[in-house]
Number of protein chains: 2
Amino acid sequence: MARVRPTLEDRERVRKLAESILSRISDLAKERGLPAQAMLVGSAARGTWLAGDHDLDIFIAVPEGSELEDALNLARAMAQEHEEKYAEHPYVHAIIEGFDVDLVPCYLLENTSCLKSAVDRTPFHTRYVLERIKGMEDQVLLLKQFMKGVGVYGSELKVGGCSGYLSELLVLHYGSFMGTLEGTSGWRPGEIIDLEGRGTLSHDAPMVVVDPVDPRRNVAAALTLDKMLQFAASARCFRKGPSLDFFFPRSIQPLTDEELIKTMEERESAFILLEFLAPPVVEDILFPQLRKAEESIRALLTRNEFSVLRSDVESADGLAWALFELGVWELPRIMRRFGPPAYESDHISRFISSHPQPISGPYVEGGRAVVEVERKYTKAWDLLEGEMSKLSLGKHLAVEVQKGHNIYVGPALTNIKIPGFRTFLARYFRRRQRIC
Amino acid sequence: MARVRPTLEDRERVRKLAESILSRISDLAKERGLPAQAMLVGSAARGTWLAGDHDLDIFIAVPEGSELEDALNLARAMAQEHEEKYAEHPYVHAIIEGFDVDLVPCYLLENTSCLKSAVDRTPFHTRYVLERIKGMEDQVLLLKQFMKGVGVYGSELKVGGCSGYLSELLVLHYGSFMGTLEGTSGWRPGEIIDLEGRGTLSHDAPMVVVDPVDPRRNVAAALTLDKMLQFAASARCFRKGPSLDFFFPRSIQPLTDEELIKTMEERESAFILLEFLAPPVVEDILFPQLRKAEESIRALLTRNEFSVLRSDVESADGLAWALFELGVWELPRIMRRFGPPAYESDHISRFISSHPQPISGPYVEGGRAVVEVERKYTKAWDLLEGEMSKLSLGKHLAVEVQKGHNIYVGPALTNIKIPGFRTFLARYFRRRQRIC
């Protein structure tokens, strides 16, 4: 518990910092004659933040009918040095006394029936949890650390796991940390959790946790099927053989050149990496585009008969990568093309005349016309380079890839020394989850 | 026409030979006091045999209730030098004056309602065609030669094409050679031809030609979908641009070593050949087993992630071969194994414990447990050799393959000098049909 629960000292520090920020915003608002209220939300407000976390979420609420811009200006004035970020609306991120502080404008609403933006919901979440969580904060901390340890914590799109709010709701629903693991152990696709029995909408998601403050919303919307099942499998394993390793797994070190070469030689597979500058967007915009690019390239490779064993994407140090592990880098010159059914004479004629000089064929096989023709790209890297411009890569990515990109093949991966990349490779190779 | 129609001289020779055989059988039957009747059947009886063919089919019929053995003994006595063959029943094959003569015992029946054996139907076929074909014999000859030329003639299982009787029925149905090609041009799977409008049974076949003398039977039962569509495509091409080449295509010469090496280098694909002694059975038994073996080996290769571009089988000079053209001969050491859905904890446990030391994994992907493990066979020839004994190869083949077999890889194919094998390869590479 000591490793997950913040010390009294930490708690005091957080309380004081939050108070001071809130009162400075209050002062600024009075100076400007603005009816704005600042409030601490998130895990810090609920006493459910993990030791070592240094995040503060502070919302600056203005009444309905006011301008959100007023709240944003307060946030800007609050912290001299800050950067502006953008989720659904712009917000301010600043580092204050070593804490990551997000200052988020929102509307002050009576209830959740007419939300203007997703963030307007957050104060209601904080209130709902605060009113019920008393005495169970440690259970939430254990659950959050467990989720972190088994890799399912975080509702950002890069992770696709559970949010802090979701973990709090699970503890409220199942009563405790161990109760949650017991419940989770039996999860199957289609699981529904509805604390207030108010869910009405059906969702196209692996599981649904009805938001008690807004029954139209699925709190588990970001949770992917694989993370959900990974969580359930980890829970089963923990109940069979509990261990601290679940909470604090061995950390992953960047691969050295030697380790990288040795691992690739052991696997004998064919690695191809696409590298380009990461577009200047937040991860929640970047990662869906990276995954889309990954899927487009996988489809391109597969369509051209290169079998893909596995692939993954990462971004670090302003760069982005898409990694593909293939069975082979090269295929033979000859390939088959299947045409329409041999009795569709109109379509057949077009198919035949578009392959005027096949190496073998045309012939009828399985009821269809078939030709054997020369493969346009026999090497996977030529295929990728040659068809890149036709791929659907996502708006921001397409721009960057067009500006410039590198393709690395096999041992050439060692040329990339960036630790974030080497850690990505280490995670890729050591991919191992607890499954019972 | 001159190249397909037998000369007057030929006709006279056939007539005399047939008469002399029939009368000698008749004499033999009288000597033995047997109520047997010999009759000429097949294309020689109907005046529809192709120039250059030297086949005579003679049936020796005994009344119902008699022993077929009596007829077989007559056949044996008829030709001192003969071999005995076996289709549904034993029959005698002899070479008499340069002709291949089949002497086939059968029953003498009033009608086809209670046939004892498939051959008992043949006299009825001959009678049906003889009564109607007069004046259209040349049309049948043209059609047969056309079918030969485009590779769809012969109802033996090795070919899967049209029988002589089927070609006669088509001319009767469509009225002429060109009429048949016009009709054939529009064939689609499910085509039904019923000359007497008596068909009742439904058949599981690409097309049905109801036997006018036995409406339960499909005369086109042996015709495969591909041969049917190939015939239709050839007919369309001929009608667009008629040419003698359809009837008399360029003959295929055995490949030389140089041609074989050059062609394999051009294609860049990976050839693997299995060779063994052909079991001593007729082609109609051998080829279905060869095809079955081909399918078993294809499935084995595909299951183990070796992609098969094309394959084929052949037999000549007492040997049999199964040829496989692969994308690559070797795959990397690493491979993925997909387990059950990650929430089926019972099945999962068994899956996980059967892969105690995966190279990567286990992990959840696409909702299923996945491990990355060492491939048992990274080379296609090792896979084939290692798993051969577990394959379902067909009764007679399995025996021969177990006795001994060779596996040839790539350029090693040149070690097989047998012309029948080299012609097989030439046909494999030059596989080309007319498709319009």
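A residue is called buried at under 20% relative accessible area, exposed at over 50% and partly exposed in between, with a 1.4 Å probe and protein chains only. The model is predicted, so local features need pLDDT of at least 70 and side-chain atom pairs pLDDT 80 or more, while totals for chains, interfaces and linings use all residues. Side-chain values rest on heavy atoms, without hydrogens and water.

**Exercise 1.** Determine which parts of chain A are tied together by the pair E314(A) and K158(A).

*Solution.* 
Step 1. The two side chains form a salt bridge with an N to O distance of 3.2 Å; the term requires a side-chain nitrogen of Lys or Arg within 4 Å of a carboxyl oxygen of Asp or Glu.
Step 2. E314(A) belongs to strand β10 (residues 308-316) and K158(A) to the loop between α5 (137-150) and α6 (164-174), so the bridge ties parts 156 residues apart in sequence. Helices (H or I, at least four residues) and strands (E, at least two) are DSSP runs, numbered from the N terminus.
Step 3. E314(A) is buried at a relative accessible area of 6%, whereas K158(A) is partly exposed at 29%.

**Exercise 2.** State whether R46(B) and E168(B) are buried or exposed, and locate their salt bridge.

*Solution.* 
Step 1. The side chains of R46(B) and E168(B) meet at 2.3 Å, N to O.
Step 2. R46(B) lies in helix α2 (residues 42-46) of chain B and E168(B) in helix α6 (residues 164-174) of chain B; the pair therefore ties together parts 122 residues apart in sequence.
Step 3. R46(B) is buried, with 6% relative accessible area, and E168(B) is buried as well, with 0%.

**Exercise 3.** Describe the interface of chain B and chain A by its residues, area and salt bridges.

*Solution.* 
Step 1. Each chain brings 50 residues to the contact, which means heavy atoms within 4.5 Å.
Step 2. The buried area is about 4,300 Å², with 55% from carbon and sulfur atoms; this is the accessible area (1.4 Å probe) that two parts lose on being put together, summed over both.
Step 3. Y343(B), V364(B) and I435(B) supply 15% of the area that chain B buries against chain A, more than any other three residues.
Step 4. Six salt bridges join the chains. R310(A) pairs with E372(B) at 2.5 Å between the closest N and O atoms, and a network of salt bridges links R267(A), R310(A), E325(A) and E372(B).

Note on methods
Residues are numbered from 1 along each chain as its sequence is written. Chains are lettered from A and ligands numbered from 1 in the order in which they are written.
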